[in-house]
Amino acid sequence: MRRIFANIVVTVLLVVTYGTPALASGTPPAWRYMRGEIHRLASKFPAASAIEVMDLSSGYRASYNAGASMPAASTIKVPVMVEVFRQLEAGNFDLRRRVELLARDKDYGSGDLCNAPVGARYDVADLLSKMIDISDNTATNMLIRLVGRTHINRTMNGLGLERTHLTQDVRTSNWSVRRALRSSPDDMVRLLAMMARRNLIDAWSSDEMI
């Protein structure tokens, strides 16, 4: 029998609705139903799973194991982006800052920047676009090097994201990436909610990140 060892991070969903009526008696039936279905389905999943859904207008949540520390995979690129914008706001550099590609930045798991020549230079705006729009791992590593893992971790901790941290760059050829890049659905929903409400760093930064 084949055993499944993979822990799977279920995509965090942030649902934005407007005018959702709140029942005086408590949680609306649709949300109670969703919670039940999430628990029913997740309990049958053949690996560790975690999910959180939040409605920004009402604050209602439906979750399963949402506080669990999970392999972050490419969701870790959102905290990296946040730290880039924090340092932009602090005046450490601007979006035109050029970053040189080093051999150690390259990761072939996602994106095409890994095929670029060592020594090529890209501005921060271009690296952000590659990291978020096409999930380029090499661009991510260049930005991690620019802002520093220690600073990313410190900023996440300061925002109350206790389970979000990086202990190495993105290295998809090594199984240790599952331990090195960690987060939880609860952490990610909190981060995305702050961004959606335009109070993550500041309104301009939140809008640019979105």
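**View 1. Serine 205 sits in helix α8 (residues 203-209).** Helices here are DSSP runs of H or I with at least four residues, numbered from the N terminus. This is a predicted model, in which local features need pLDDT of at least 70 and side-chain atom pairs count only at pLDDT 80 or more, while totals for chains, interfaces and linings use all residues. Residues are numbered from 1 along each chain as its sequence is written, and side-chain values use heavy atoms, with hydrogens and water left out. Is serine 205 buried or exposed? At 1% relative accessibility, serine 205 counts as buried (buried is under 20% relative accessible area, exposed is over 50% and partly exposed lies in between, with a 1.4 Å probe and protein chains only). Setting aside neighbours within four places in sequence, look for Phe85 and Leu200, which are in contact with serine 205; contact means heavy atoms within 4.5 Å.

**View 2. Helix α2 (residues 77-89) meets helix α7 (residues 185-196).** Two packed helices are described by the angle between their axes and the distance between the axes. Here the axes come within 11 Å and cross at roughly 40°. That makes α2 oblique to α7. Axes are lines fitted to C-alpha atoms, for helices over the stretch in contact, with angles from 0 to 180 degrees between N-to-C directions. Angles under 35 degrees count as roughly parallel, over 145 as roughly antiparallel, 65 to 115 as roughly perpendicular, and the rest as oblique. The crossing of α2 and α7 is left-handed, a term for a near helix turned anticlockwise from the far one by less than a right angle. From α2, Val78, Pro79, Met81 and Val82 make the contact, and from α7, Met188, Leu191, Leu192 and Met195. Sorted by class, this contact of α2 with α7 has eight nonpolar, no polar and no charged residues (Ala, Val, Leu, Ile, Met, Phe, Trp, Tyr, Cys and Pro count as nonpolar, Asp, Glu, Lys and Arg as charged, and the others, Gly among them, as polar).

**View 3. Helix α2 also meets helix α4 (residues 137-147).** The axes of α2 and α4 come within 10 Å and cross at roughly 40°. That makes α2 oblique to α4, and the crossing is left-handed. Lys77, Val80, Glu83, Val84 and Gln87 of α2 make the contact with Asn137, Thr140, Leu143, Ile144 and Val147 of α4. Which classes take part? The contact of α2 with α4 has five nonpolar, three polar and two charged residues.

**View 4. Arginine 40 and glutamate 37 form a salt bridge.** A salt bridge is a side-chain nitrogen of Lys or Arg within 4 Å of a carboxyl oxygen of Asp or Glu, and by this rule the count comes to 11 salt bridges. In this pair, the N to O distance is 2.9 Å. Arginine 40 and glutamate 37 are three residues apart in helix α1 (residues 29-44), so about one helical turn separates them. Arginine 40 is partly exposed at 37% relative accessibility, as is glutamate 37 at 22%.

**View 5. Salt bridges that share partners join Glu52, Arg61, Asp186 and Arg190 into one network.** Glutamate 52 and arginine 61 meet at 2.7 Å, N to O. Glutamate 52 is buried, with a relative accessible area of 3%, whereas arginine 61 is partly exposed at 30%. Aspartate 186 and arginine 190 meet at 4.0 Å, N to O. Aspartate 186 and arginine 190 are four residues apart in helix α7, so about one helical turn lies between them.

Notes: Helices (H or I, at least four residues) and strands (E, at least two) are DSSP runs, numbered from the N terminus.
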